[in-house]
Amino acid sequence: MQNNDPHVPDPVQDGANDAGVNADLDALTAKLTALESELAGARETVLRERAEIENQRRRLQRDLDQARRFANEKLLGDLLPVYDGIALGLSNDSADAKTLREGLELTLKQLEKVTQANGLSVVDPLHQPFNPEHHQAISSVESNEHPPGTVVAVVQKGFVLNDRLLRPALVAVVRDN
């Protein structure tokens with residue numbers, strides 16, 4: 001006899017429902033296990049990537065430190081012959097003033113060659129218009145020979161390193177009348 005009362009559980013249907021629920025539970029458990037495994041893999045990948053980024057950062061920092069420490073290596077290597085020339089001139093006790101002067105002139109030419117090769121240029125504005133971006137006026141003078149604002153004396157030459165002012169030239173300028 002079949003039970004038609006909807007409120008009374010049917011044992012045949014209960015077994016089918018339990019089997020369906022168990023199958024759904026097994027499928028969800030399998031899916032959960034797969035997702036947990038995928039999550040663990042993603043976590044491991046993220047940790048590896050973080051470690052790789054940290055290693056790259058350390059390498060870059062080390063390379064930057066090395067570059068800073070040895071940035072002047074080429075320049076200093078180029079200056080060694082200038083150093084040697086000065087040391088040789090000072091060690092020569094028997095040289096007269098003319099010989100020392102010639103040696104100093106050669107050494108200065110050598111120094112100028114090295115500095116120019118490394119991007120340093122001299123600012124020597126004698127008889128040129130005053131330029132406040134490259135010159136610093138330390139005095140003004142009267143002159144009938146030069147127009148106002150002209151540099152008539154250079155007390156100290158200036159220097160520009162790769163188009164950037166390193167030191168302004170100290171100059172005397174003709175004042176306006």
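Mentor: Contact means heavy atoms within 4.5 Å. This is a predicted model, where local features need pLDDT of at least 70, side-chain atom pairs count only at pLDDT 80 or more, and totals for chains, interfaces and linings use all residues. Residues are numbered from 1 along each chain as its sequence is written, and side-chain values use heavy atoms, leaving out hydrogens and water.

Trainee: Which residues of H2 meet which residues of H3?

Mentor: On the H2 side, Leu75, Asp78, Leu79, Pro81, Val82, Gly85, Ile86 and Gly89. They meet Leu100, Thr107, Gln110, Leu111 and Val114 in H3. The residues of this contact divide into 8 nonpolar, 4 polar and 1 charged. Gly counts as polar here.

Trainee: What makes H2 roughly antiparallel to H3?

Mentor: Take helix H2 (residues 73-91) and helix H3 (residues 97-117): their axes come within 10 Å and cross at roughly 175°. Angles over 145 degrees count as roughly antiparallel, so H2 is roughly antiparallel to H3.

Trainee: Why are E1 and E5 said to stand at the edges?

Mentor: Two strands pair if DSSP finds at least two bridges between them. The open sheet has 3 strands in the order E1-E4-E5, with antiparallel pairing. Strand E1 (120-123) and strand E5 (164-167) each have a single partner strand, so one side of each lacks a neighbour in the sheet. The twist averages 35° from one strand to the next.

Trainee: How many bridges join E1 to E4?

Mentor: E1 and strand E4 (residues 158-161) run antiparallel and are joined by 4 bridges. Ser121 stands opposite Val160 in E4.

Trainee: Why is the pair Glu44 and Arg48 called a salt bridge?

Mentor: The rule asks for a side-chain nitrogen of Lys or Arg within 4 Å of a carboxyl oxygen of Asp or Glu. For Glu44 and Arg48, the closest N and O atoms are 2.7 Å apart, and they form a salt bridge. Both lie in helix H1 (residues 11-69), 4 residues apart, about one turn of the helix. By the rule, the count comes to 8 salt bridges.

Trainee: Where does UniProt place the "coiled-coil region"?

Mentor: The unreviewed UniProt entry places that feature at residues 25-73. Over residues 25-73 the chain is 94% helix and 0% strand. The end C-alpha atoms of this stretch are 71 Å apart.

Conventions: Axes are lines fitted to C-alpha atoms, for helices over the stretch in contact, and angles run from 0 to 180 degrees between N-to-C directions. Helices (H or I, at least four residues) and strands (E, at least two) are DSSP runs, numbered from the N terminus. Angles under 35 degrees count as roughly parallel, over 145 as roughly antiparallel, 65 to 115 as roughly perpendicular and the rest as oblique. UniProt positions are given in the numbering used here, feature names are shortened, and annotations may be inferred rather than shown by experiment.
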